Structures are given as structure tokens and as C-alpha cells.
Amino acid sequence: MALSRLLLLCVVASEVWDAETKSREFVCNRVARRALNIVPEMNSALSDCNGMMTLSTPVPLPCTELHIATWENKSDQEKRGDIVASLRLLVEGVKVVRAPMQAVCEATLLQRLENNINNYLLILTRLQLSGSVMSPSLSCVPRSTQSLRAVLLSYSQLISGKLERFMLNLEDTCTTQ
């Protein structure tokens, strides 16, 4: 019972990251970026849920592979579009799996994951970038998995790989503003 209350509190806390935080501030603050990454906490909480690892339906995984030379040749709009498309793919998959879920602990974890992904989407879509606006598009053919641990690993790789490299590129603009 106490665990359920704690998880509920975590869901509420992760739902509204910080209403005052602007996308530009997120770019310029590495500590804020690290604080928003809840994957390590979720892996710990997963153990508290009796280690539930198999989901009822497959979840499409985000595109996490990063070829540095190709990535560096993309515009900021293309980079954002790649990350946004991957996050949208993942959040839709999480919604589908979460909908019929009966177990409170697992449903709470999936809700928290969904909220966290939506926080990243909100930040990225509100980020003001120069250049023409591009429609988000995936840079790979997505794979799927029914393993919640694999979903969390892939999400973590997206955040610490493509998203962090994108933010580091944009950090140059922090000193000029």
C-alpha cells in the first residue's frame, strides 16, 4: 500500500516538471536535463513491482543509433524532428500497453514513463530554432519489444545519445543570449 502511494506521488511529481521552465533554459542547464531523466529511478521501481518485465503487447522502440558524421550534417530542425518522431512513437506505444493494464504498480510506472516522454516532447516542440520547420521523421525502421526493461534501455539511450548531443550543440547559443 505504501509503495502504491509512493508511486502515485512520483507520477504526480513527474507530470508537471516545472511550469516556469522554458525550453531554452533546459538547453542551457545540464543539471536540469539530467534531473528530467527518470530511467534509473524507473528501473529501481520496476524491481519493486515484482520485476514485471513482459508487456501484453509489443512497444515500438525509438531510433537510438547515432552515426556521428551523419548526425552532425543534419540541421537543428532535422535533429529535433528525428528525436520528436522517436519520442512520439514511443509514447503512443506506451499508451497502448498501459490502457488495458490491471496491475496498479505496472500501470503507475507506465503512466510515469508516458508523462516523462511528454515532458521531453513539450520542451522540444517549444524550442525556438532557426531554419524552416520540418515534419518529424524517423531515422530508422523501428523495432518492437515486449520487455519493459528493453523499452527503458532504449528510451535512456535516446535521451543520453541523440537528445544530449543535440542539446550540447545548442548550448553554444546559451552564451550569446
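Axes here are lines fitted to C-alpha atoms, for helices over the stretch in contact, and angles between N-to-C directions run from 0 to 180 degrees. Okay, with that in hand, let's go. What we have is a predicted model, where local features need pLDDT of at least 70, side-chain atom pairs count only at pLDDT 80 or more, and totals for chains, interfaces and linings use all residues. Residues are numbered from 1 along each chain as its sequence is written, and side-chain values use heavy atoms, with hydrogens and water left out.

First, the overall layout. The protein has 8 helices and 2 strands; helices (H or I, at least four residues) and strands (E, at least two) are DSSP runs, numbered from the N terminus. In order from the N terminus, that reads α-α-α-α-β-α-α-α-β-α. Of the 177 residues, 44% count as buried, where buried means under 20% relative accessible area, exposed over 50% and partly exposed in between, with a 1.4 Å probe and protein chains only.

Now to α8, residues 148–170. How is helix α7 placed against α8? Helix α7, residues 104–126, packs on α8 at an angle of about 15°, and the axes are 13 Å apart. So these two are roughly parallel; the label covers angles under 35 degrees, with over 145 being roughly antiparallel, 65 to 115 roughly perpendicular and the rest oblique. On the α7 side, the contact (heavy atoms within 4.5 Å) includes Leu110, Leu113 and Asn116, and on the α8 side Tyr155, Ile159 and Phe166 are among the residues. By class, that contact has 13 nonpolar residues, 1 polar and no charged. For the classes, Ala, Val, Leu, Ile, Met, Phe, Trp, Tyr, Cys and Pro count as nonpolar, Asp, Glu, Lys and Arg as charged, and the others, Gly among them, as polar.

From α6, the contact takes in Ile83, Leu87 and Leu90, among others, and from α8 Val151, Tyr155 and Lys162 are included. Here the classes come out as 9 nonpolar, 2 polar and 5 charged.

Is Gln77 buried or exposed? Gln77 is buried, at a relative accessible area of 4%. Setting aside neighbours within four places in sequence, Gln77 touches Leu129, Ser130, Gly131, Ser132, Val133 and Met134.

Then there's α4, residues 39–48, which packs on α8 at about 170° with axes 10 Å apart. That makes α4 roughly antiparallel to α8. Val39, Met42, Asn43, Leu46 and Ser47 are what α4 brings to the contact, and α8 answers with Leu148, Arg149, Leu152, Tyr155 and Ser156. Which residues of α4 are buried? They are Val39, Met42, Ala45 and Leu46.

Last stop, the loop between α3 (30–36) and α4, where we find Ile38. Ile38 is buried, with a relative accessible area of 6%. Beyond neighbours within four places in sequence, Ile38 is in contact with Arg112 and Asn116. And Ile38 and Leu152, 114 residues apart along the chain, have C-alpha atoms separated by 9.6 Å. That's me done, thanks!
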